[in-house]
Amino acid sequence: MSPSLTEVQEEWQSLELEYQKLQETHKKYLQKLDEISKLQSSCSSSIARHRKRLKEVSRQVNKCTKGSSVDDAKTLADIKEKVKTQENAFSEMDAFLPKKNGLYLNLVLGNVNVTLLSKQSKFAYKDEYEKFKLYLTVILLLFSVICFFFVSYRSMDAIFNFLLVWYYCTLTIRESILITNGSRIKGWWVFHHYISAFLSGVMLTWPDGILYQTFRNQFLAYSFYQNFVQCLQYYYQSGCLYRLRALGERHNMDLTVEGFQSWMWKGLTFLLPFLFFGHFWQLFNSLSLFRMAQLPDCKEWQVRMCGLCFLILFMGNFFTTLAVVRHKMKSRNQKRKSM
Amino acid sequence: MLFSPNDLSECLREWDDLEKDYEQIQDTHRLYKQKLEEVSKLQNSCSSAIARQRKRLGELTLSLKGCKKTPLTSTLSPKEIESIAEMEESIKDKTNVFFEMEAFLPRKNGLYLTLVLGNINVTLLNKQAKFAYKDEYEKFKLVLTVILFMFSFTCRFLFSYRVLDALFNFLLVWYYCTLTIRESILISNGSRPDGALYQMFRNQFLSYNLYQSFVQFLQYYYQSGCLYRLRALGERHTMDLTVEGFQSWMWRGLTFLLPFLFFGHFWQLYNSMTLFRMFQLPECKEWQVLMCGCSYMVLFMGNLFTTLRVVYQKYMNNEDKSKPM
């Protein structure tokens, strides 16, 4: 039974009323958007100005502290403290103001603003990033098992390498976005992803041949081990981070990374030998590749290039981790001295 | 190191000033965050209101259609017919208005953007930002195209190291991937009406290009290895080049490339069919569609018949060889 025209007309009237309301809300919305963007630019510029003046004042304070009386010195020290508090407050404020993208994001995304403007959305984004890493790591793990044990075609390997390249590139994009949003990831871990992406790309172009077949199994086993350790790390790190965050000891935007960080001593020390073993495997890969490059029938440039990449990865990973261990040793010695 | 009491008092004065300024900044920032919250509430209410309106409008359209077709009320007065027509016009207008409104409301990313970027909202919230982004995109395309052109020129005429070629291919792949990301962002930002046809064809075209680059890459490596081997055996002229099709000397060891090549040819045929079909659509106003369709058709036919001829020749040769035996 189709409705009568009068019913339709009644419905129409009520829709029109709602439509008018919607238009008003939308107009108000656009107005507020405008106000917000004005506020954003005024906030950003006044913060920038203030920061400059703070720097000037700190310089002056340092100048004045040389040769001032005890009272004055106290006031000056007080000012220095307050300057630091203000600067911290500004970093927090910055997290909610739109920021210009870094070079990499600009190249890839252009001028889109990637600042997430509320704490929940930042966390939600970070959680999504962690989950993305976990899922992809598991998929890569399965894939490397399949390539190693079951299928042995160059094309399967190529698909695996494609996936690796895409994974690392996506990670770099997401991490740049996270850094813009206030996450503190140390430089090496981000750079490490660029190198890994490049390495996988080079592996992808390596033509099938005796040398490739010789290296292939070693590489697949290494990938399997890497992904396995990352899965381990993810589980333990996220539990740990959660605990530390609850105890208020870590900044909320810290991420799980593929290395060892200072806060991990609380309960993750057992991961260290696994990580070091992974690093030495990278060194071993690099040495095998360099040895292969010496062979008379090696004509592929990929061999040397991959060897170089693995060497860089090893050195970066190893020395960064070593620095963390040394730092811990030093602080433990200091504690012992003070007792 | 001269120290005068004036320095200290100046310092303290500046500091007081700064503290006042700081209070102001904090107030402004607090106000800003408040407005942010209000705006996000407004965003939510707008989005849900639009969704609700859309649903009811859809139902209304159905009811209107029902009203028009009932044989019982076929005696609709002209006034009623007019009012129905008015309502339908109005519904179309409203749908357009909703599209415009949504261009300023945050939208969920499509599958591709979600995979690559995650949950970031990429909607640019005012008209200038949108235009600026579009301009930047065009500039990016231009600059990268020039770079790629110069690179390919260098690779072709100046140097011929495999490393350079591999780099060129890497750059090409990166260029296409970045382009797809930026275009997905543009589409999320409401860039749809002009070039809807182009957008439909875009993804197909890009995947085709990626496939082509990949096949050429494969071919290059295998052909140059093969040519090297044959040249060393003295069986080919040293000036032979790698080409994009299949030549008679390629039988020695490159047969596996044939299916890839044929797949590429048939993809060209598919592209040309898609373009011809698009040309039939009523909204197609661009002459480029027909032209591209014809070009792909010519490419496909040339490629297919040349390759088939080589296969045929080889078959004939095999027959000849087996006859005298």
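Visitor: How many residues of chain B are in contact with chain A?
Guide: This is a predicted model, in which local features need pLDDT of at least 70, side-chain atom pairs count only at pLDDT 80 or more, and totals for chains, interfaces and linings use all residues. Residues are numbered from 1 along each chain as its sequence is written, chains are lettered from A and ligands numbered from 1 in the order in which they are written, and side-chain values use heavy atoms, with hydrogens and water left out. Contact means heavy atoms within 4.5 Å. On the chain A side 82 residues take part, and on the chain B side the number is 81.

Visitor: What area do chain B and chain A bury between them?
Guide: Buried area is the accessible area (1.4 Å probe) that two parts lose on being put together, summed over both. Here 72% of it is on carbon and sulfur atoms, and the total is about 7400 Å².

Visitor: Which residues in chain B lose the most area to chain A?
Guide: Together they account for 10% of what the chain B side buries. They are Trp15(B), Tyr32(B) and Arg56(B).

Visitor: With which residue does Arg56(B) form a salt bridge?
Guide: A salt bridge is a side-chain nitrogen of Lys or Arg within 4 Å of a carboxyl oxygen of Asp or Glu. The rule finds 9 across the interface of chain B and chain A. For Arg56(B), the closest N and O atoms are 2.6 Å apart, and the partner is Glu18(A).

Visitor: Are the rings of Phe148(A) and Phe149(A) stacked or edge-to-face?
Guide: Rings of Phe, Tyr and Trp (its six-membered ring) pair if their centres lie within 6.5 Å; planes under 30 degrees apart count as stacked, over 60 as edge-to-face and the rest as tilted. The whole structure has 32 aromatic pairs over all chains. In this one the centres are 4.9 Å apart and the planes stand at 90°, so the pair is edge-to-face.

Visitor: Which helices hold Phe276(A) and Phe318(A)?
Guide: These two rings pair edge-to-face, 5.7 Å centre to centre, with 65° between the planes. Helices are DSSP runs (H or I, at least four residues; strands are E, at least two), numbered from the N terminus. The pair ties together parts 42 residues apart in sequence, because Phe276(A) lies in α9 (residues 271-294) and Phe318(A) in α10 (residues 301-338), both of chain A.

Visitor: Is Asn285(A) buried or exposed?
Guide: Buried means under 20% relative accessible area, exposed over 50%, partly exposed in between (1.4 Å probe, protein chains only). Asn285(A) lies in helix α9 of chain A. Its contacts, not counting residues up to four places away in sequence, are Phe215(A), Gln218(A), Tyr222(A) and Phe310(A). Its relative accessibility is 0%, so Asn285(A) is buried.
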